Amino acid sequence: MALERRDILRGAAWAGIGAALPLGAWAQTTPAPLDPIAAVAPELRAAARQIQAMVAAMPPITEAYRTMRAGPQPPPATDIPHVERRIPGAPGQPPVTIYVINAKPGTRRPAILHTHGGGYIVGSASGSILQCQDLARQLDCAVVTVEYRLAPETTYVGSVADNHAALLWLHANAATLGVDPARIAVMGESAGGGHAALLALMARDRRSVPLCAQVLIYPMLDDRTGSTRTVPPFIGRIGWDTPANVFGWRSFLGQAPGGASVPAAGVPARVRDLSGLPPTFIGVGSVDLFVDEDVDYARRLIAAGVPTELVVTPGAFHGFDAVAPDTGLAKRFTAAKIAALRRAFGIDGATT
């Protein structure tokens, strides 16, 4: 499969792992003891090699993250409407920019509150409009994607508040948007998956908005990965890696990750009680840096009585579905995600 540079960049933006995909791999200074390509599924190796080639020419994420924020923005589709809105933030916080996609007043359809990825430090809601339009088209639903404030300028306290304000706004304006307030799901990729998990926890704890599902796509859930907890040498070598993870979490938390003083309010995996959360879908690749923390989170959800589906795609790296969407592995992964949303929305009998 031949991939052009623009395809990699566009796929990276859709995956929510930054304006240019590899991020933390740029900071890598130690040669790998194993060839990371060997652990990648054969149909994904062409994309993985191109990512590696791009990584080699790029500076460390600690230097590049600011300029990455002005990266490629996939142009929105013209068949699905989208509107930029400025809504009130949480008390004591600034207003929040959101993009409302596929609203249809006078109807009563499901909705997704979407949080983009980017390691908590890059990415944008505006860059995820096209991706959200595709979801809206497939599911005949509304989507609200949030331009939450990024780290390190804003820690988790501010960005989580931004996302919760958007969720409250979506629920309060359901009738105007043509949304069924009983069929709202939260969803995100990578750091956006971490934000969606934090949002589901906040909605539960504050009893603010009843959610019908949380859909977490290779979510960034545990600050201890790569800081105080090592991973096998073939894990997390394509795309988002250990140095990036440590920098992302340090920026998001405002302190060094992995320590005993890290607040659970900013780290889903540190929350002890996962009961009472909505039905959950978690999808991740088997060589993604987040695979262990995602599998463990799914296990804990199941133990807490939360209906949970876990999909682990063999030989898949971080963001593989966006970078190589036409591969069989990516198509099956995406189909499982869409099927989970259909079930949550009560439309699982529809054609995917």
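Where does Gly259 lie?

## Gly259 and its loop

Gly259 sits in the loop between helix 8 (242-253) and strand 7 (280-285); helices (H or I, at least four residues) and strands (E, at least two) are DSSP runs, numbered from the N terminus. This is a predicted model, where local features need pLDDT of at least 70, side-chain atom pairs count only at pLDDT 80 or more, and totals for chains, interfaces and linings use all residues. Residues are numbered from 1 along each chain as its sequence is written, and side-chain values use heavy atoms, with hydrogens and water left out.

Gly259 counts as partly exposed because its relative accessibility is 27% (buried is under 20% relative accessible area, exposed over 50%, partly exposed in between, with a 1.4 Å probe and protein chains only). Not counting residues up to four places away in sequence, Gly259 touches Asp223 and Arg270 (contact means heavy atoms within 4.5 Å).

## His164 in helix 5

Let's turn to a histidine. His164 belongs to helix 5 (residues 156-172) and, at 5% relative accessibility, counts as buried. Leaving aside residues up to four places away in sequence, His164 touches Leu199, Met202, Arg206 and Ser208.

## Aromatic pairs

Searching the whole structure turns up seven aromatic pairs (rings of Phe, Tyr and Trp, the last by its six-membered ring, pair if their centres lie within 6.5 Å; planes under 30 degrees apart are stacked, over 60 edge-to-face and the rest tilted). Phe320 and Phe333 form an edge-to-face pair, 5.0 Å centre to centre with 65 degrees between the planes. Phe320 lies in helix 10 (residues 320-323) and Phe333 in helix 11 (residues 328-345), so the pair ties together parts that are 13 residues apart in sequence.
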